[in-house]
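Subject: The structure I promised you

Hi,

Here is the structure we talked about, with the sequence alongside. Have a look at it first, then read on for what turned up.

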Amino acid sequence: MKLLVSPSPHLHSGDSIEKNMYGVIIALIPAFICSILFFGTGAIIVTLTSVLACLFFEYIIQKYLLRQQPTIFDGSAFLTGVLLAFNVPSNLPVWIIIIGALVAIGIGKMSFGGLGCNIFNPALVGRVFLLISFPVQMTTWPLAQGFAGSYTDAQTGATPLALLKEAVKTGQSVNDLLVADTFIGYKEMFLGHMGGSLGEVAAWALLIGFAYMLIRKIITWHIPVTIFATVIVFSGILHLCNPDQFAGPLFHLLSGGMMLGAIFMATDYVTSPMSHKGMFIFGAGIGILTVVIRVFGAYPEGMSFAILIMNAFTPLINRYCKPTRFA
């Protein structure tokens with residue numbers, strides 16, 4: 001009698017690419033609804049354009065360039081489009097969004113071989129490319145004006161991070177900025193009544209999505225919690241050393257793309273470490289780099305750059321944190 005052993009895995013958890021991808025998309029629905037309520041039709045136009053462009057470019061590249069069976073219905077291109085839209089202003093011109101989608105799918109994903117082979121988060125590749133190529137359009141932030149807000153003629157203003165960076169540059173005390181009339185307050189930052197990209201607003205909506213993904217076991221808590229803890233400790237130390245120059249932990253947690261990046265982008269399966277030990281290292285690196293770039297760098301925001309930098313270290317982290325072999 002022959003013993004036949006099939007290749008691993010021998011047990012299946014019931015997870016699939018489609019199930020997990022669409023699970024993340026469902027978790028983003030509360031934040032998407034908030035972005036519509038805050039930015040109006042601009043949020044719909046930007047998101048719809050980004051999603052359709054990502055689906056189109058993935059289909060074209062797979063079918064006609066790579067000669068593969070298109071996989072646009074697995075949810076990965078759809079999710080890339082949503083995350084790209086959440087990282088840009090709600091008044092970004094359509095043609096720039098399409099360029100960002102082409103870079104995200106064509107360079108960030110398909111040039112490495114497609115889903116599962118990409119080194120960097122595709123949506124962040126597209127976002128950083130647009131930020132470097134179109135800095136004016138990518139840093140013109142519409143204010144939250146409700147559903148009646150105009151897409152082409154929205155009222156714009158500085159984000160909290162931009163106000164902080166300008167205040168430090170001009171020698172103004174951070175404490176003076178936080179009590180000034182121009183500062184909207186932590187409550188408004190938590191609720192989302194501020195300028196910024198679609199995914200920077202409504203921290204509470206992003207936290208709802210975080211809870212949903214934890215309950216459904218789509219992601220684990222290790223990377224987001226490590227990022228939050230690192231930012232709290234590092235920014236807290238800086239604030240204690242010089243409160244006139246460095247903002248406190250709460251400001252950094254509620255401003256910019258901290259919540260979106262930590263919950264939905266740093267936890268990408270392909271570009272993050274596999275072991276829990278590696279996740280802790282990965283999250284700590286993102287937290288430190290984000291604060292360093294925000295405080296000492298030229299850009300007000302550092303979340304996107306921090307995640308991409310740590311994406312590059314993921315293979316080394318996986319190698320260092322490789323589990324012990326027993327056979």
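Of the 327 residues in this predicted model, 52% count as buried, meaning under 20% relative accessible area, while exposed is over 50% and partly exposed is in between (1.4 Å probe, protein chains only). Residues are numbered from 1 along each chain as its sequence is written, and side-chain values use heavy atoms, with hydrogens and water left out. Because the model is predicted, local features need pLDDT of at least 70 and side-chain atom pairs count only at pLDDT 80 or more, whereas totals for chains, interfaces and linings use all residues.

The protein has 16 helices and 0 strands; these are DSSP runs, numbered from the N terminus, with at least four residues of H or I for a helix and at least two of E for a strand. Among contacts with a separation of 6 or more, 74% join residues 24 or more positions apart, a contact being heavy atoms within 4.5 Å.

Now for the inside. The largest nonpolar core has 92 residues, and Leu28, Ile227, Phe264 and Ile286 touch the most other members. The biggest share of this core, 8 residues, comes from α3. Such a core is a set of buried Ala, Val, Leu, Ile, Met, Phe, Trp, Tyr and Cys residues joined through side-chain atoms within 4.5 Å. Leaving aside residues up to four places away in sequence, Ile286 touches Ile227, Ala266, Met303, Ala306, Ile307 and Met310. In soluble globular proteins, nonpolar side chains tend to be buried together.

On the surface, though, Ile26, Ile29, Ile33 and Leu37 make a nonpolar patch with about 350 Å² of accessible area together. Accessible areas come from the Shrake-Rupley method with a 1.4 Å probe, and for residues only the protein chains shown count as cover. Helix α2 (residues 29-39) supplies the largest share of the patch, 3 residues. Ile33 lies in α2 and counts as partly exposed because its relative accessibility is 45%.

Arg67, between α3 (41-65) and α4 (76-85), has a positive phi of about 55 degrees although it is not a glycine. Lys217 sits in the loop between α11 (203-215) and α12 (222-241), and its phi is also positive, near 60 degrees.

Cheers

Key. Patches are made of residues with over 30% relative accessible area and no salt bridge: like charges are joined within 9 Å, nonpolar side chains (Val, Leu, Ile, Met, Phe, Trp, Tyr) within 5 Å. A salt bridge is a side-chain nitrogen of Lys or Arg within 4 Å of a carboxyl oxygen of Asp or Glu.
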